Amino acid sequence: MSRIAFIGLGRMGDPMSGFLIDGGHELAVFDLDDRAVARVVAKGATAAGSAGEAAVGAEFVITSLPDPPVVEAVYLGEDGLVAKAEPGAVLIDTSTSSPSLARRISQAAAERGASAIDAPVSGGPMGAEAGTLAVMVGGSDVDYEKAVPVLELFGKTIRHMGGPGAGQVTKLTNNLLAGCYMASISEAVAVASREGIDPNKLFEVLSNGTGNSRVLHTRYPVPGVLPETPASNDWKPLFPVDLAAKDLDLALAVADELGIDLPMTSTARSRYRLVQDQGDGGLDYSAVARLLGQEAKAS
Ligand code: NAD
């Protein structure tokens, strides 16, 4: 049994932390949202007064936070995770964040005698509930080996992608694809709908053709076709537009540093920006399809 700190108990962190408790570990948790803390305390965790407090005495510290500014503040802020980490502790960031920030955190942790890896996840809240997330790790061989037994509690496919930041780079390639797929699925559905094609039959054909993808299955953007999709549930977010947009921005920033142009990703990003401009950044990212519905109606 290990003492583990878990910071950020949202759509992903809540179910992930549950697997650590089920695995017999002693969990100290922190989130700004008291209701999120209460849900995990009800499963057997102990509430800490701050992220830094949770890290005191912990062998592993796991975070699942919204975006790089929050990750930076929680890790590198005064009394943050790096300042409070025990020597030898492994800090594991499962948030989707910036590769360069991951490298800075790794360096800062090493200076304190602890270590940090980036371990972003893919599979969404459903994968988190099922304990079947894909986990892509950036960090040293030694830290990766130490972290694997913990990551296995909520992950199914765990891969060491390279040194610090490599996990985040890998995750950004995944979400670049998801963002572009979703924007493209919206266009395919808009064309078929305008031609009066039955959306149920369209799904059957696309999902058995070369247009198939996991995004198509989990986010088919026509209400009433698949009961589990956000489209059939008032666009309730499994992965909100705001997070998808953040990830496309991160991918574009990495490409910019590398001097690579990403025209498809830039175009997809502009579609999600339109949704944000309408005040719908909190809806699931499949709501990008509504732009075409609205445009179609307006013409
Ligand atoms: P979420 O908004 O549901 O959860 C984030 C949690 O962090 C919230 O409970 C929030 O209160 C808490 N938080 C914010 N600032 C904090 C702070 N300073 N200290 C402590 N807690 C703080 O988001 P999510 O969907 O669970 O995503 C978490 C991370 O995982 C993000 O980086 C996201 O991009 C990534 N991710 C999400 C999905 C998905 O499908 N939702 C899939 C893979 C990865």
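Okay, let's start with helix α1, residues 13–22: 8 of its 10 residues are buried, so to speak "mostly covered", with buried meaning under 20% relative accessible area. Keep in mind that we're looking at a predicted model here.

Which residues of α1 are buried? They are G13, D14, P15, M16, S17, G18, L20 and I21. Here's a handy thing about helices in general: an α-helix has 3.6 residues a turn, so residues three or four places apart point the same way. Now look just past the helix. After α1 comes G24, and its phi is positive, near 90°.

Okay, zooming out. How many helices and strands does the protein chain have? There are 14 helices and 9 strands. Across the protein chain, buried residues make up 51% of the 299 residues.

What about the overall shape? The C-alpha trace spans about 65 × 45 × 35 Å along its principal axes. Why does the radius of gyration agree with a compact globule? Because a compact globule with 299 residues would have a value near 19 Å, and the protein chain has 20 Å.

Next, contacts. If you take the contacts with a separation of 6 or more, 63% of them are between residues 24 or more positions apart.

Last stop, the surface and the charges. The accessible surface of the protein chain is about 13,600 Å², and carbon and sulfur atoms account for 54% of that. As for charged side chains, you'll find 24 positive and 37 negative ones. The centres of those two sets lie 4 Å apart.

Note on methods. Residues are numbered from 1 along each chain as its sequence is written. This is a predicted model: local features need pLDDT of at least 70, side-chain atom pairs count only at pLDDT 80 or more; totals for chains, interfaces and linings use all residues. Side-chain values use heavy atoms; hydrogens and water are left out. Helices (H or I, at least four residues) and strands (E, at least two) are DSSP runs, numbered from the N terminus. The radius of gyration is taken over C-alpha atoms; the globule rule is 2.2 Å times the number of residues to the power 0.38. Buried means under 20% relative accessible area, exposed over 50%, partly exposed in between (1.4 Å probe, protein chains only). Contact means heavy atoms within 4.5 Å. Accessible areas come from the Shrake-Rupley method with a 1.4 Å probe; for residues, only the protein chains shown count as cover. Lys and Arg count as positive and Asp and Glu as negative; His and the chain ends are not counted. The place of a charge is taken as NZ of Lys, CZ of Arg, CG of Asp or CD of Glu.
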